[in-house]
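Hi,

Here's the structure I said I'd pass on. Have a look at it first, then read my notes below.

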Amino acid sequence: MAVEPGKAVSLKDFDPDFTGGYDDKAGALEKVAANVDRLSAMQEVLYAQDNYALLIIFQAMDAAGKDGAIRHVMSGINPQGCQVTSFKAPSAEDLDYGYLWRASKALPGRGMIGIFNRSYYEDVLVVRVHPELLEKQKLPTRARKGDIWQRRFKEINNFEKYLRQNGTIVLKFFLNVSKKEQKNRFLARIDEPEKNWKFSPADYAERKHWDDYQKAFEDMLENTSTEWAPWFVIPADNKWFARLAVSEVISGAFERIDLQMPVVSEARKKELGQIRSQLLDEED
Ligand code: ATP
Ligand code: MG
């Protein structure tokens, strides 16, 4: 599932319907719940320690289940320690800066978990599939010359290395849904009135560019999965399996961070002892 840095990626090698022979949906949901409890405990330490931040990025085609995965996997986390940012088409202000600017503003601070629902990776995905979006970015001619995508991959890798070296752990998930399953989910969104709000004709328009997107995703995975910020390709045709896989990867990553509750100094213990006595001495 983790994309090996520098290795050629063909999405044909990744089965969106993969469940590893595992079909115990109820058991999977229990495991997700157990992982959520662990995450919640680890998040508390992350916050108390105040050294590290965790950035989790989700990219996918429409209806791959980003929103559901975020909701389920983060359901037990203290809302004060976690912040979700959704990246839509850039505003006029965003377009006055480089493409990493708006993401930089939304980065999680120390002790926090930040989730990006889409991200600066859109700038090598949708912008690559629709060249007119690149025009809107108002880049100087020089910055558009040559292979802009290779250049952006390098910029992103450097940006993420800088984040990692300064205490932000970066995890990136590509929810890999099949074209067939996307069709089923679109049909359900049209057929079931309570799901109508989830469907936009624009999603159908993007589906027509499926092959171009797959190529852009492959190139992105191949060039931006690094030791310091790996990509995970998550089989997403079965929502329960995708949620399990994402929650396992996040818990595993959390375990590798050297998380420790801050050590209470002698001076602080003494101070707390004094306050304790004063509290007990209060009348009433
Ligand atoms: P949902 O449909 O589940 O609510 P979503 O993430 O698809 O969630 P939308 O508002 O439907 O949200 O779509 C956001 C759109 O913004 C996507 O089509 C995405 O490609 C586009 N977008 C995001 N970043 C950029 C960017 N840098 N340049 C151009 N378009 C972008
Ligand atoms: Mg959408």
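These notes cover a pair of helices and then some aromatic rings.

This is a predicted model, where local features need pLDDT of at least 70, side-chain atom pairs count only at pLDDT 80 or more, and totals for chains, interfaces and linings use all residues. Residues are numbered from 1 along each chain as its sequence is written, chains are lettered from A and ligands numbered from 1 in the order written, and side-chain values use heavy atoms, leaving out hydrogens and water.

Helices first (DSSP runs of H or I, at least four residues, numbered from the N terminus). Helix α7 (residues 148-165) packs against helix α10 (residues 210-224) at about 45°, with the axes 10 Å apart. (Axes are lines fitted to C-alpha atoms over the stretch in contact, and angles run from 0 to 180 degrees between N-to-C directions.)

Now the rings: the structure holds 13 aromatic pairs. (Rings of Phe, Tyr and Trp, its six-membered ring, pair if their centres lie within 6.5 Å; planes under 30 degrees apart are stacked, over 60 edge-to-face, the rest tilted.) One of them is Tyr-22 with Trp-240, a tilted pair at 6.3 Å centre to centre and 35° between the planes. Tyr-22 sits in the segment before α1 (25-49) and Trp-240 in helix α11 (residues 239-256), so the pair ties together parts 218 residues apart in sequence. Ring pairs also link Phe-18, Tyr-22, Trp-240 and Phe-241 into a cluster.

Cheers

Key. Helix = DSSP H or I, 4+ residues; strand = E, 2+ residues; numbered from the N terminus.
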